[in-house]
Amino acid sequence: MKTFAIKMAATTGMMAALSLAAAPAYSASIFFTPSSQLDSDPIEDAIGTTGANGFSLSIKVDTSGLSSPLKSLLFEGVRDEAELASPNPVQTPESLALLGPVEIVRDQTDLSKVVFTVNFPGGQGIAPDTILELLNVSYSVPQLVNDGKTDFIVSKVISATTVDGSNVTSKFAVPTSGIDVQASVPEPASVLGLLAFGALGATLKRQKKLAAQKVEA
């Protein structure tokens, strides 16, 4: 029985080790803001308004865990043009100096959505354990639909290299959720305030009507 227990423990430990070895060892990441949970669906949300420059986001890189400065970066994103149209990307001076001038290319093969690649071809390199804003992108917003569907997401990192020539693509994580851009909703306190104000107005109106009836009588 003791031998069996030892064998079982060894087998369990080996399986756990294999599981850990198979899991991606993410440390660095690409992410964007704003992003927060505003409703009950699993997709993160962001607030926008209809019209020109109705929404803007900031795309950032985190080089945590890298052993050498990040020299080049290529990643893919997807957006819904029905809600986020006419992008106006502005590269930050820091990312221009450290990663070179950005190249953004739209994939014309998929007409159901806008798939694009963002390429930073190479520069001095971003030091390890650094968070840096790469781009600030503003959009024209034709409409806002809170449909629980993704309007913007960074879908994958295609390649990433460091100044020493290492391929560190596998070290980069991307957000597990995109964002659903929607109109602002009143805060619960504001809603309660409006309801209370409405109830007070109805009470005053009823009292005024009763007073008028007494005068007529």
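Modeller: A residue counts as buried under 20% relative accessible area, as exposed over 50%, and as partly exposed in between, with a 1.4 Å probe and protein chains only. The model is predicted: local features need pLDDT of at least 70, side-chain atom pairs count only at pLDDT 80 or more, and totals for chains, interfaces and linings use all residues. Residues are numbered from 1 along each chain as its sequence is written, and side-chain values use heavy atoms, with hydrogens and water left out.

Colleague: Why is R79 called buried?

Modeller: The relative accessible area of R79 is 6%, and the limit is under 20%, so R79 is buried.

Colleague: What makes E81 and R106 partly exposed rather than buried or exposed?

Modeller: E81 has a relative accessible area of 35% and R106 one of 37%; both values lie between 20% and 50%, so both residues are partly exposed.

Colleague: Why is the contact of E81 with R106 called a salt bridge?

Modeller: The term requires a side-chain nitrogen of Lys or Arg within 4 Å of a carboxyl oxygen of Asp or Glu. The closest N and O atoms of E81 and R106 are 3.4 Å apart, so the pair qualifies. E81 lies in the loop between β4 (70-79) and β5, and R106 in strand β6 (residues 103-107), 25 residues apart.

Colleague: What joins R79, E81 and R106 into one network?

Modeller: Salt bridges that share partners join them. R79 and E81 also meet in a salt bridge, at 4.0 Å from N to O.

Colleague: How many salt bridges does this rule give?

Modeller: The count comes to two.

Technical notes:
Helices (H or I, at least four residues) and strands (E, at least two) are DSSP runs, numbered from the N terminus.
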